[in-house]
Amino acid sequence: LQMESRMRRALELNEFELNFQPIVHTDSGNLCSVEALLRWNNPTMGTVMPDRFIPLAEETGLIIPIGEWVLEEACKTAVSWKEITGRDVGISVNVSPRQFRDPGFTDIVMRALSNSGLAANQLELEITERLILDNSIETAEILRQLDRAGIRLSVDDFGTGYSALSYLKSYPFDTLKIDKSFVQDVMKEPEDASLVRAIINMAHSLGLRVIAEGVEEEAQTHFLKQEGCDFSQGYFYSRPLPARDFESWLKTNQ
Ligand code: G
Ligand code: G
Ligand code: MN
Ligand code: NA
């Protein structure tokens, strides 16, 4: 209860912060886009990670205003990078089920784009399998609306849900993000290597691009290159960084 009342005030007290983690082209290691990851800096609790507060934010519905703040902040920040890199840098934002099902969701997304001036195709929304598998007409319709607006859509944590693969055929996704639990052991577990290889091949034959998450070691990058994985993300390239540190990263790593 205490956490809930603290969370209710966190937005006005400006306690939320985004961290940024690069997503790179596997072949070159060059920057492709950036994932925004939410942090909550509370004076009494310290830095609270999303796994500890997103579930409560979902339960209470606070995820809707918090998620709106995330979208606004992520889009604005992505636009600000153009001065550093001289080109557009895409941003990926995580969307939770309750937020996605809010009737105002598409309007909130469109407003974040127009307020920031970010082009729709520079925004990617990461959606988990858990949400997609509800199989509702509403989910399908919202995904189509976002797709028609030019926004990119990715399946986050791919492989950890129930994986009713049929949704890949009927929904307008652009990207699969292979969950880090598979990527982490590709050099140790032949089964994980086989799964990653199979996911890459399946995704490509469906016209989807693939991001490997949780890349921590150089050997994994060689494996992923060899298997034709389009993009990579993980501590090997960079941890999620606060805005200022990420700007420094950008200046030396674009
Ligand atoms: O860095 P990491 O601990 O940030 O993220 C943990 C989990 O929290 C991930 O599953 C991620 O998708 C989720 N997450 C991070 N930021 C956000 C956010 O802004 N909104 C939502 N809904 N989930 C987020
Ligand atoms: O949204 P998603 O569930 O994909 O969230 C990504 C999570 O993975 C975040 O908590 C982020 O901090 C974390 N992460 C990013 N790169 C790595 C990595 O290389 N190793 C591990 N263990 N976690 C990572
Ligand atoms: Mn994600
Ligand atoms: Na993930």
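For sorting the shell residues here, Ala, Val, Leu, Ile, Met, Phe, Trp, Tyr, Cys and Pro count as nonpolar, Asp, Glu, Lys and Arg as charged, and the others, Gly among them, as polar. On that basis, the shell around ligand 1 splits into 8 nonpolar, 3 polar and 1 charged residues. Keep in mind that you're looking at a predicted model.

**Stop 1: ligand 1.** Select Leu37, Leu38, Met49, Pro50, Asp51, Ile54, Gly67, Val70, Asn94, Val95, Ser96 and Pro240, and you have what surrounds ligand 1. Now colour by secondary structure: strand E2 (31–42), helix H2 (50–60), helix H3 and strand E4 (90–95) each put at least two residues into this shell. H2 is the top contributor, with 3.

**Stop 2: ligand 2.** Hop over to ligand 2, which has 14 residues around it; Asn94, Gly214, Glu216, Gly234 and Tyr235 come nearest.

**Stop 3: the core.** Next, pick Ala36, Ala74, Val93, Ile178 and Val210, the residues with the most contacts inside the largest nonpolar core, which has 63 residues. H3 (residues 63–80) gives the most to this core, 7 residues. Zoom in on Val93: leaving aside neighbours within four places in sequence, Val93 touches Ala36, Val70, Leu71, Ala74, Leu123, Leu125 and Glu126.

**Stop 4: H1 against H2.** Finally, show helix H1 (residues 2–10) with H2; their axes are 11 Å apart and cross at about 80°. That angle falls within 65 to 115 degrees, so the two helices are roughly perpendicular. At the contact, Met3, Glu4 and Met7 of H1 meet Phe53, Leu56, Ala57 and Thr60 of H2. That makes 5 nonpolar, 1 polar and 1 charged residues.

Note on methods:
Residues numbered from 1 in each chain as written. Chains lettered and ligands numbered in written order. Predicted model: local features only at pLDDT ≥ 70, side-chain atom pairs only at ≥ 80, totals over all residues. Core = buried A, V, L, I, M, F, W, Y, C linked by C-beta atoms within 7 Å. Buried ≥ 20, exposed ≤ 12 C-beta atoms within 10 Å, placed from the backbone. Helix = DSSP H or I, 4+ residues; strand = E, 2+ residues; numbered from the N terminus. Contact = placed C-beta atoms within 7 Å. Near = placed C-beta within 6 Å. Axes fitted to C-alpha atoms, helices over the stretch in contact; angles between N-to-C directions. Parallel < 35°, antiparallel > 145°, perpendicular 65-115°, else oblique.
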